[in-house]
Amino acid sequence: LIRKSPVCLRPPYGMMNKHVEEYAAAHELLIIPNGFNSCDQQKLSVAKIAQRVVDDADSGEVILLHDGYLHRQNTVKA
């Protein structure tokens, strides 16, 4: 059986409260912490995004990348 709905939730800005916890539980979602912010939403160059992740992200850490803004080409290329 393939699940077509999300299986995890990263609360925006990492903001947690009882409502978020209850929503996640009701929808059987695993809450994922913020992890490492690539800062790609700051319109960094491809090289800066990639270098920041390589230099500063820890092994096994979730890397936050954004795709909800107009200029995401550099994020995809990085």
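What follows is a chat about this predicted model.

A: Quick ground rules before you start. This is a predicted model, where local features need pLDDT of at least 70 and side-chain atom pairs count only at pLDDT 80 or more, while totals for chains, interfaces and linings use all residues. Residues are numbered from 1 along each chain as its sequence is written, and side-chain values use heavy atoms, with hydrogens and water left out.

Q: Fine. Which order do the elements of the protein chain run in, from the N terminus on?
A: They go β-α-β-β-α-β-α. That comes to 3 helices and 4 strands. Both are DSSP runs numbered from the N terminus: helices are H or I with at least four residues, strands are E with at least two.

Q: And what radius of gyration does the protein chain have?
A: The protein chain has 15 Å, whereas a compact globule of 78 residues would be near 12 Å. The radius is taken over C-alpha atoms, and the globule rule is 2.2 Å times the number of residues to the power 0.38. The C-alpha atoms fill a box of roughly 40 × 25 × 25 Å along the principal axes.

Q: How much of the protein chain is made up of buried residues?
A: Buried residues are 21% of the 78. Buried means under 20% relative accessible area, exposed over 50%, and partly exposed in between, using a 1.4 Å probe and protein chains only.

Q: What happens at the start of helix α1?
A: Helix α1 covers residues 18-26, and at its start a side-chain oxygen of N17 reaches to within 3.0 Å of the backbone nitrogen of H19.

Q: And which residue follows α1 with a positive phi?
A: E28, with a phi near 55 degrees. E28 is not a glycine, and its place is in the loop between α1 and β2 (30-31).

Q: Are E28 and K43 buried or exposed?
A: E28 counts as exposed because its relative accessibility is 61%. K43 is at 58%, so K43 counts as exposed too.

Q: What about D58, buried or exposed?
A: Exposed, because D58 has 53% relative accessibility. D58 is found in the loop between α2 and β4 (63-64). Its C-alpha atom is separated by 9.2 Å from that of G35, 23 residues apart along the chain.

Q: Last one: T75. Where does T75 lie, and what does its side chain make a polar contact with?
A: T75 lies in helix α3, residues 73-77, and its side chain makes a polar contact with the side chain of D40 at 2.7 Å. A polar contact is a pair of N or O atoms within 3.5 Å; within protein, one must be able to donate a hydrogen and the other to accept it, and residues adjacent in sequence count only if both atoms are side-chain atoms. T75 counts as buried because its relative accessibility is 11%.
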